[in-house]
Amino acid sequence: MSKLLFAWDYSSYPGAKTYPNLFQPIRIGNLTIPNRIKYAATEDNFNDPEGFITDADVAYMRARAEGVVGGLCVMQGVYMDLGRQGQGYVGQAAAWHDRFVPGLKRIADAIHDERAVAGFQLMHCGRVGAVEVERCQAPSYVPQRLRVFKPVEAMSKEDIRRGVEEHADAARRGIEAGFDVMEISGIVGYLLSNFISSYTNRRTDEYGGDIRGRMRFAVEVIQAVKAVCGTDVPLGIRLCCEELLDDVRGNSPAESIASYQIAEEAGVDYISVTAGWQESIVPVISRDVPMGSWLHLAKRAKEHVKVPIQMAYRLFKPDLPDRAIGAGELDVWEMCRPMIADPLMPKKVLEGREEDIRFCVACNLCLARLFRDAPMTCYINPRCAHEHDPRFTPQPAAEPKTVLVVGAGPAGLECAYVAAQRGHEVHVYDRRPVVGGTLNEAARAPYGDEELLTCRDYQKTQCEKAGVEFHLGVEVTPERIAEEAPDTVVLATGPVYVRGQGAGFERDNVVNVLDVMAGTAAVGARVVVWGNRKPGIGVALKLAREGKRVTLVGRNRSAGFDINPSFKWRYMIYLRQNKVTAYNDCDIEEIQDGAVVVRTYDGYRFPVACDTVVVTERERNDALKPAVQAEGIELFVIGDALVPRNLSSAVHDGYRIGLRI
Amino acid sequence: MPVDAEKEITGLWRDLHGAQDEIGRTYYRWRKAALELAGPGVEPLEVGLKAAGVIGAEIGRGLLPRLNWLKGEDAWLRSLAGAIAAQWTRHGAVVKLQKGASATEVLLEWTRCPWPTFAKEYGASMEEDVRCCDRILEAILEDVNLFFNVHYRIETTKAIPRGQGCCVRRLYKAE
């Protein structure tokens, strides 16, 4: 007999008609879950240094539980050992002692308050663990590709036995805390995956050898946890369907599928499909990988096992999983990053409010921060990580004001709708006839940057719904500010593009990056892009893909200084693939006929053949500032007008000032 | 056959940087070996200072045939300061010389230096990095002072590893 924890009737919601497969119930073990939506376990580094749950984590999970509208909401994986070798993140939740149960119960209760199904995940981080201690554990001593990780210690049989026991003990604590579903993490380089992979398991005892031997540890864990769960609490496992470790002789796809079959035999009630490891050298989940690229893995899994198959991995729009579920290629739509960017994303899908979704732009800033021991945040969701803090929630303004926002780019739009939602009368001016500012040009860069426009579209919709008045195609002058006499002016005018100090920057063959991205500037066959931050890289890649010979010259010590490290390495690959030469820590000394002279930081000079120089260097924009100050009007400067940075900074600036006005 | 100046110069430049990286890493690999041999009872700073003394003395002796007192003390001092700066420039630092408050004083300013980065990479403290540089400089001057029968000193007023943005050292004639 299957158990239903919370009854949900989706029949009256428009989303259930548009995406009928997403809002069908599914049976997992002896539990019926009302829909096919799952918030998949994600570390957040919000918990205290000892692993106790914090208010921030409870509020974060409560928001995601509301979002899954009755579906499965899984808390972050817990580490389970007193020695902390299984701990991979400084703020990771712990479950190695009963004293952690009350905190864990707060998470389960928060999820249940939203009438969702609470999932508990067991996660020993293996060779990427030991974030607070000196040595991490793995089946064999195999050094990591990335230097950030701790030295590896091969596990003894006693360590293995204790590891199995710790999984079972932690599972019991999860059930005591009130969780309804149990999940084991065996992915991306964590301990179980270390045992399963031929790359990291070189053991010659019964825990090594062929895939069945390498699965022995996983099977023992599954059986021990299953014994704790009984028939009431379904047990799932996350396993790699493709490790993407061919360069270091990782598992073959056939071996990975065999691991699924062995896990099913061992008693799991569902399998969550993943791809790639942290050590993989191919992009997997960033926006340069098209949405839906990994669905074939779910289909492959469905063809080989009978238990329900769940998957996340670039399924950012509901139509993709809905179709896949309808076609029998997937059972449950998992999400991590889409619900970091917008915790209510599936709820908005159900309610037919897709225009209100703030879509993830797959930048991986969230992951980059986790790997560097910082609390998670989101590139485009300024509320993320602040769900517990009322100061980050728009409150009605004490005194409604007239607000003039100059600039309809991401900073200006974000500020405008937040201020308008709080009751201010907001007018947005822009000399361009369209909203979006320089994001319109930035989104023309290759490798998925068109997804950045989802941010513009979201902000525009929110502005319209909040009653923001647009004045597009209108240049704001000091006279207009004096005439309008608003209570507050927000300058979100974007940056000033600067010319270099070298000779020749006044030449006709020196063009602006925005004109090049818009396709309105003539560009020769040999191009030097001046500036090695993201705008420079974007235009360099665009031009290189058009067949130009491109050289990047920039003053920063490395190209992509302003790009988060979890995304930057892909750009470095693409620069190489497109034969873009990068001279970092350099400047242009002189622009001559057919060449520029590049000067290195240590004083060497050399010529680079060049027909066109593209300027991408930016500075803050002080225009209008004196005029506003002269009128004695409250003034805020945000986004690139304040300090040229990136889309994230623009959005965060806009949101915070929108709250402050 | 035309010369591709960009290719040739940038090739050399990259090789130079590769060699500069090896200089730093080689020092720290030897330091690691020395610390392993010395055992847990020895302070890494002591080992570093000992090495710095050896390095500085070697450099100082190497300068003796190249410094010419006959050109006058001003020129001699500029040569000494330039030689010290060049030692770090070869490692990848950017060092500028400035006139001091008197004819017998020169300021050396390191606007960039690779050594703190190597120290971080190999787990050495920032203070060890500063003090070892100081020791090298002192040791350079020991034989130079004896040989030319002068009394020059060098002192650190700012240091990159101390978060001060640049290293500034005052090379001056002690009264």
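**Close-up 1. Domains 1 and 2 of chain A.** In this predicted model, the centres of domain 1 and domain 2 of chain A, taken over C-alpha atoms, are separated by 40 Å. Domain 1 covers 32-371 and domain 2 covers 397-495 + 620-660 of chain A, with bounds from an automatic or database domain assignment. Residues are numbered from 1 along each chain as its sequence is written, and chains are lettered from A in the order in which they are written. Local features need pLDDT of at least 70, side-chain atom pairs count only at pLDDT 80 or more, and totals for chains, interfaces and linings use all residues, while side-chain values use heavy atoms, without hydrogens and water.

**Close-up 2. The interface of domains 1 and 2 of chain A.** Contact (heavy atoms within 4.5 Å) links 13 residues of domain 1 with 14 residues of domain 2 of chain A. Five salt bridges are found across this interface, each being a side-chain nitrogen of Lys or Arg within 4 Å of a carboxyl oxygen of Asp or Glu. In the salt bridge of A:Arg287 with A:Asp449, the closest N and O atoms are 2.9 Å apart.

**Close-up 3. An open sheet in chain A.** Five strands with parallel pairing follow the order β19-β26-β20-β21-β22 in chain A. Strands are DSSP runs (E, at least two residues), numbered from the N terminus, and two of them pair if DSSP finds at least two bridges between them. At the edges, β19 (510-512) and β22 (581-583) of chain A each pair on one side only. Strands β20 (residues 526-530) and β21 (residues 549-553) of chain A are joined by five bridges, and A:Arg526 stands opposite A:Arg549.

Notes
Helix = DSSP H or I, 4+ residues; strand = E, 2+ residues; numbered from the N terminus.
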